[in-house]
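Have a look at it, then follow along below.

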Amino acid sequence: MFKNRDIASGDFRDHLIFNDRVFAITGYDFSEAADIGVSFGINNAGLAVCSSTVLINDCAPYDILLEDILKEADSIAEAVRIVSEALNAGEEYQWCNFVIGTLDEIGVIEVSSDEYRLERDDQYVIRTNHHLLLSTKEFVQKASPEQREACGPLDASHYRRQVASKKVAGATTFQDISAMLSIHSESRGFDSICRHRDGIVASEHKLGETVYSYILEVLMLDGKTPEVSIQVAKGNPCSNTFKQFDVNFDSTKEEKQSIIDRFP
């Protein structure tokens, strides 16, 4: 699982949660200037998650819902149940995509304020900053720059997804994925997978830049215990080195805290 985190604000630093159940990078509520929920992570059952924004509104940050999934779910079916129960109870969330993977299955849960849709695939799924299954295209096209935050125009999101899908289809190594996360468009702006603050912007949207890049690898070598590692680049992945951290849920509290302290 992989993600480039694009942020429209100034200096930004990730915060990490690591306990016996969850290894996760927190989400962030810019309206409150506070960490909230989960943006990217894995649990001790081997279920990995990451999110992408589609629309910011007055509803609850979706990071809260993703944290519930990471804490409680061991499968995509359980993740879908958590989303369904929350929406059926009247909870409303900002619009997003949840990419979810285990050793056995891959999927995406698309979420709007009061609806969700599930996509499954045998090999891979790619999401950028729009929905494919939910009928939200018209709303996203009309959304204000504030509602789209750092997502940019819809056509730029479509372009990034097409580029990423072609590259991932033939990817077999860490280097293939890191190279894909470092791809630039001519503008290095909204249509660029690796986005730079000096990119060319032909709209009033907040450009921002890629502030973190993550690649999570899960290997089942002995048939019993998965080996988990995460590679993290702080800043643009095209010009910053990925650092590896091994994720062992059986490690001591002190060892977990050491990784939290060393996380870039």
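## Ground rules

Contact here means heavy atoms within 4.5 Å. Helices (H or I, at least four residues) and strands (E, at least two) are DSSP runs, numbered from the N terminus.

The model is a predicted one, so local features need pLDDT of at least 70 and side-chain atom pairs count only at pLDDT 80 or more, while totals for chains, interfaces and linings use all residues. Residues are numbered from 1 along each chain as its sequence is written, and side-chain values use heavy atoms, with hydrogens and water left out.

## Helix 2 and its cover

Let us begin with helix 2, which runs over residues 76-88. Its 13 residues reach 18 Å from the first C-alpha to the last, close to the 18 Å expected at 1.5 Å a residue; the expected span is 1.5 Å times one less than the number of residues. After helix 2 comes G90, with a positive phi near 95°.

Which residues of helix 2 are buried? They are I76, A79, V80, I82, V83, S84, A86 and L87, where buried means under 20% relative accessible area, exposed over 50% and partly exposed in between (1.4 Å probe, protein chains only). Their cover includes helix 1 (62-72), strand 6 (95-101), strand 7 (106-111) and strand 8 (116-121).

## A buried arginine in a loop

R127 sits in the loop between strand 8 and helix 3 (137-142). This arginine counts as buried because its relative accessibility is 11%. Leaving aside residues up to four places away in sequence, R127 touches S52, N97, V99, V108, E110, E119, L132, L133 and R161. For a sense of distance, S187 is 60 residues from R127 in sequence and 21 Å from it in space, C-alpha to C-alpha.

## Positive phi outside glycine

A33 is not a glycine, yet it has a positive phi of about 55°. It is placed in the loop between strand 3 (22-29) and strand 4 (34-43), and it counts as exposed because its relative accessibility is 54%.

R188 is not a glycine either, and its phi is positive at about 60°. You will find R188 in the loop between helix 6 (174-181) and strand 9. With a relative accessibility of 29%, R188 counts as partly exposed.

## Cysteines

How many disulfides are there? Taking a disulfide as a pair of cysteine sulfur atoms within 2.5 Å, the count is zero. C96 is in none, as the nearest cysteine sulfur, that of C151, is 11 Å away. Seen from C151, the closest cysteine sulfur is the one in C96, and 11 Å is too far for a bond. Both are buried: C96 has 0% relative accessibility, and C151 has a relative accessible area of 3%.

## The second largest pocket

A pocket is an open set of points on a 1 Å grid over the protein atoms alone, where a 1.4 Å probe fits, with protein on both sides within 12 Å along at least five of seven lines; lining residues have an atom within 4 Å of a point. About 360 Å³ of space lies in the second largest pocket, the volume being the space filled by probe spheres set on the points, which are joined across faces, edges and corners.

The lining of this pocket has 15 residues, and T225, P226, E227, V228 and V247 lie nearest its centre. Strand 9 (209-220), strand 10 (226-234) and strand 11 (243-247) each supply at least two lining residues, and strand 10 gives the most, with four. By class, the lining has five nonpolar, six polar and four charged residues. Here Ala, Val, Leu, Ile, Met, Phe, Trp, Tyr, Cys and Pro count as nonpolar, Asp, Glu, Lys and Arg as charged, and the others, Gly among them, as polar.
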